[in-house]
Amino acid sequence: MTTGTTVTSIASHLRRAASAYPTLLRVGLSEVVAYRAEFIVWILTTNMPFVMLAIWHAVASEGPIGRFGQKDFIAYYLAGWAIRLLTSTWLVWELSMEIRAGTLSARLLRPLHPLFAFSAQHLAALPMRIVVVTPVAVALVWLAGDRLAIGDPRVLAIWLASMAGAWLLIFFTMVFLGSLSFFLESAIGVFEVWLALFAVLSGYLVPSELLPPWVGRVARLSPFDSMLSFPLETLIGLRDLPTATRDLGTQWLYIAIMASLGLSVWRRGVKRYVAFGG
Amino acid sequence: MLRSADSGLSVFPAAGLQHGHGHGDDGFGRGRDTRRPRWSRYARLLLLQMRMSAVSAMQYRADFLLKGAISLVWLSVALIPLISVFHQRSTVRGWSFPEALVVVGWFSLMKGILEGAISPSLTSVVEHVRKGTLDFLLLKPADAQFLVSTAKFEPWRVMDVLGALAVFAYAFRELGHAPRLQHVALALALLVVAICVLYALWILVVSASFWVVKVDNLSYLFGSLFDAGRWPISVFRGALWFAFTFIFPLALMTSYPAMALLDRLPASTAVAALAGGLAFASLARLVWSRALAFYTSASS
């Protein structure tokens with residue numbers, strides 16, 4: 001089991017990961033296909049955007065709300081659902097279960113760093129998710145295609161970078177929250193509070209410009225903005241190019257912060273876990 | 001504590017090995033308690049189950065308080081979309097902000113009951129079916145559905161109920177008048193029916209697990225569908241309205257009791273809701289019995 005942090009060991013980690021990744025991805029993909037019924041049920045649990053769309057659609061029937069008319073709400077919530085699905089990970093549940101059951105020891109014994117294995121598993125779920133998202137994406141283009149701003153190649157490039165960034169940011173946040181299971185009995189409780197904050201501050205439930213003013217301000221400055229609002233609003237043209245470029249820098253700054261925070265808590269947690277004969 | 005069985009043989013009356021059917025046993029196969037009515041037996045059993053859940057929850061006091069705090073966080077966070085919507089418009093489909101708050105209050109109340117009393121027990125049934133340990137439960141001399149439904153409670157969910165009462169108090173203060181007594185009575189009647197319907201829905205889901213074993217994440221789906229209940233039913237149109245009124249009757253569970261309190265519920269709807277709810281509950285009991293028969297019949 002390796003916990004070294006020297007340059008050579010990081011390089012060897014990356015080399016091993018690079019050779020193992022394709023296989024891990026294939027294994028992950030076949031897992032997802034095997035458990036497709038469960039997968040579909042999990043997808044169906046993320047239905048809040050559709051409920052919120054129904055409500056805002058009703059509210060906007062007499063006239064637009066701020067910048068949002070009915071078509072804008074459709075674009076916002078359909079795209080928001082798709083982006084949420086493509087960038088979310090379930091790492092906290094897995095880590096929490098494995099730490100409490102002690103099965104993390106088996107992963108730590110392998111020559112590949114557990115986090116690489118986890119990330120491969122989550123990335124492997126993306127193809128299935130893209131399949132599920134496609135009908136909604138088609139509906140989005142059909143119903144509100146003129147709202148999409150990615151015709152401009154610069155915006156498209158920034159949007160793609162922001163999607164990758166959102167995935168990484170959420171992944172490292174999950175590493176941080178999951179590693180709390182090494183120290184706390186109820187890390188899942190902390191995760192639930194985080195989920196509640198995410199739902200409100202990231203623009204998942206309500207577009208951040210329609211939130212009450214002080215909540216909206218907190219939301220804009222928080223990392224939650226980089227997780228969903230930023231890619232979403234770039235996609236549907238609510239953020240112009242200069243703002244989007246600046247927000248991209250902010251997003252990757254947050255990724256660096258969360259990565260170092262998550263990895264340091266992970267390392268400390270593993271040391272503690274192993275010390276107790278785990 | 002329950003008195004120990006006077007004879008292990010009395011669990012199997014059909015075996016004819018105990019003191020006969022004609023001696024008026026109380027349905028538990030125990031001759032000694034013939035004077036005690038069956039319902040008081042069940043009432044004591046219920047209190048015992050609740051006490052056991054409370055004791056085991058209180059063992060981890062910090063956890064208990066944390067979970068109570070999380071309930072409150074969820075409630076306050078759930079209010080933000082509502083506040084955002086009514087920040088923009090003073091009425092939505094005929095509902096004002098305080099009136100919509102009453103719906104949110106009922107939602108919180110029902111959620112507390114769902115996640116405090118109904119979900120925990122019924123999710124454990126799915127586990128039992130999967131592991132095959134349901135048989136131990138079925139051997140016990142009490143009705144299986146009762147035992148299964150009272151196995152586990154989560155006492156910190158009482159925070160949701162307290163939160164709901166606070167929301168009601170605030171909403172009616174904003175409206176400027178308190179609900180009249182007959183409205184409260186109707187709302188309470190609808191509450192009983194709503195609990196029956198919620199419970200019946202869950203029993204249907206759990207009965208499905210006898211045939212299709214892997215339904216444990218259906219509890220998450222159930223919870224997320226239930227989340228739509230925080231909005232008044234008139235907000236939904238067409239297919240969604242139909243689904244949330246008749247198929248997954250959120251209207252009955254949150255909007256109708258709120259409308260009863262606000263004196264907006266037409267009498268015909270109230271009667272239909274009460275009758276429909278009770279019919280639904282009897283259907284669920286029927287499905288459960290069939291599912292149990294299926295489970296205990298062949299080579300399980």
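Biologist: How many cavities of 30 Å³ or more does a search of the whole structure find?

Modeller: On a 1 Å grid over the protein atoms alone, a cavity is a set of points where a 1.4 Å probe fits but cannot get out, and lining residues have an atom within 4 Å of a point; a volume is the space filled by probe spheres set on the points, which are joined across faces, edges and corners. In this predicted model, the search finds four cavities of 30 Å³ or more. This is a predicted model in which local features need pLDDT of at least 70 and side-chain atom pairs count only at pLDDT 80 or more, whereas totals for chains, interfaces and linings use all residues; pLDDT is the predictor's confidence in each residue, from 0 to 100. Residues are numbered from 1 along each chain as written, chains are lettered from A in the order written, and side-chain values use heavy atoms, without hydrogens and water.

Biologist: Which residues line the second largest cavity?

Modeller: Its volume is about 40 Å³, and the lining includes Ile55(A) together with Val85(B), Phe86(B) and Trp231(B); the lining residues divide into eight nonpolar, no polar and no charged.

Biologist: What area is buried between chain B and chain A?

Modeller: The size of an interface is often given as the accessible area lost when the parts come together. Here the buried area (1.4 Å probe, summed over both parts) is about 2,800 Å², with 74% from carbon and sulfur atoms. In chain B, Trp74(B), Arg89(B) and Asn217(B) lose the most area to chain A, together 19% of what that side buries.

Methods. 1 Å grid on protein atoms, 1.4 Å probe; cavity = no way out; pocket = protein on both sides within 12 Å on 5 of 7 lines; lining within 4 Å. Nonpolar A, V, L, I, M, F, W, Y, C, P; charged D, E, K, R; others polar. Buried area = accessible area lost by both parts, 1.4 Å probe.
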